[in-house]
Amino acid sequence: MFVKLRKSTVVVIITSWILFFVAAFLAYVKLDQIRQERLTNEKIFQQTTQKNTAQNVIKETNDAVKAKKKDPDAEKKAVEDFMKTYYKLVQRNDLTNLKSMVEDTNELEKNQKAIHQYVKKYDDLTYLVKKGADDESFIVYVTYKMKIKKIATLAPGMTSYYVMKKGDTFCIYNNQKHDTDEITDAKKESQNSKEIKKLTKQINKKYDQALKQDKKLKQFFEGN
């Protein structure tokens with residue numbers, strides 16, 4: 001049986017459906033807006049987090065570099081390691097690599113010729129690193145016992161080096177003729193310090209004892 005709806009009823013039904021779809025549409029738009037805002041907030045948070053992380057990494061790196069520069073013990077250790085490598089190469093007579101470590105290669109070749117001719121090896125090496133004329137330079141006192149070829153007794157000795165920073169490494173200024181007034185003054189001041197005077201006295205005493213003990217060693221150094 002077919003029931004005929006009145007016109008007013010049909011209008012009410014249609015209006016209800018229209019209102020329902022409008023409400024649904026508005027709800028969808030609102031939910032989409034909320035979702036977009038949430039995604040935007042998450043993106044902003046991620047970008048902010050990444051930016052903060054990058055800034056923290058940069059800051060930590062810069063702080064580490066500054067700390068290393070300000071840490072005198074770390075700097076002295078680096079100089080000591082450099083000099084240890086230098087002496088290993090000296091004993092190997094490795095001129096190729098030694099030339100990259102010194103300021104005057106001609107002076108190096110002359111010294112190496114004499115060392116290679118007379119010195120068999122260096123024993124009991126110690127390194128004392130002191131401040132140079134500025135924050136970029138150091139004076140290194142190397143003490144050792146030197147084994148001269150064909151002589152049994154070891155000869156105690158000490159050599160000082162003026163070392164300057166050169167990029168990520170160092171360079172030995174091995175020709176005194178090239179010293180500036182600042183370098184000369186720094187060397188004199190260091191050598192006149194109580195610590196170095198005491199060390200020099202100790203080495204000289206051991207050297208004199210060694211010469212008294214071995215006539216061949218004495219003849220070698222005194223040229224008799």
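This is a predicted model: local features need pLDDT of at least 70, side-chain atom pairs count only at pLDDT 80 or more; totals for chains, interfaces and linings use all residues.
Residues are numbered from 1 along each chain as its sequence is written, and side-chain values use heavy atoms, without hydrogens and water.

Trace the chain along its sequence. The pattern reads α-α-α-α-β-β-β-β-α-α-α.

Now select residues 119-131 and residues 137-148. These are strand 1 and strand 2, paired antiparallel over 10 bridges; pairing takes at least two DSSP bridges between two strands. Five residues separate them in a hairpin. Pick Tyr127 and look across to strand 2: its bridge partner there is Val142.

Next, select Tyr118, Phe220 and Phe221. Together they form a nonpolar surface patch with about 250 Å² of accessible area (Shrake-Rupley method, 1.4 Å probe, only the protein chains shown counting as cover for residues). Phe220 lies in helix 7, residues 215-222. Its relative accessible area is 32%, so Phe220 is partly exposed (between buried, under 20%, and exposed, over 50%; 1.4 Å probe, protein chains only).

Finally, show everything again. Of the 224 residues in the chain, 25% are buried. Contacts are heavy atoms within 4.5 Å. Among those between residues at least 6 apart in sequence, 56% join residues at least 24 apart.

Technical notes:
Helices (H or I, at least four residues) and strands (E, at least two) are DSSP runs, numbered from the N terminus. Patches are made of residues with over 30% relative accessible area and no salt bridge: like charges are joined within 9 Å, nonpolar side chains (Val, Leu, Ile, Met, Phe, Trp, Tyr) within 5 Å. A salt bridge is a side-chain nitrogen of Lys or Arg within 4 Å of a carboxyl oxygen of Asp or Glu.
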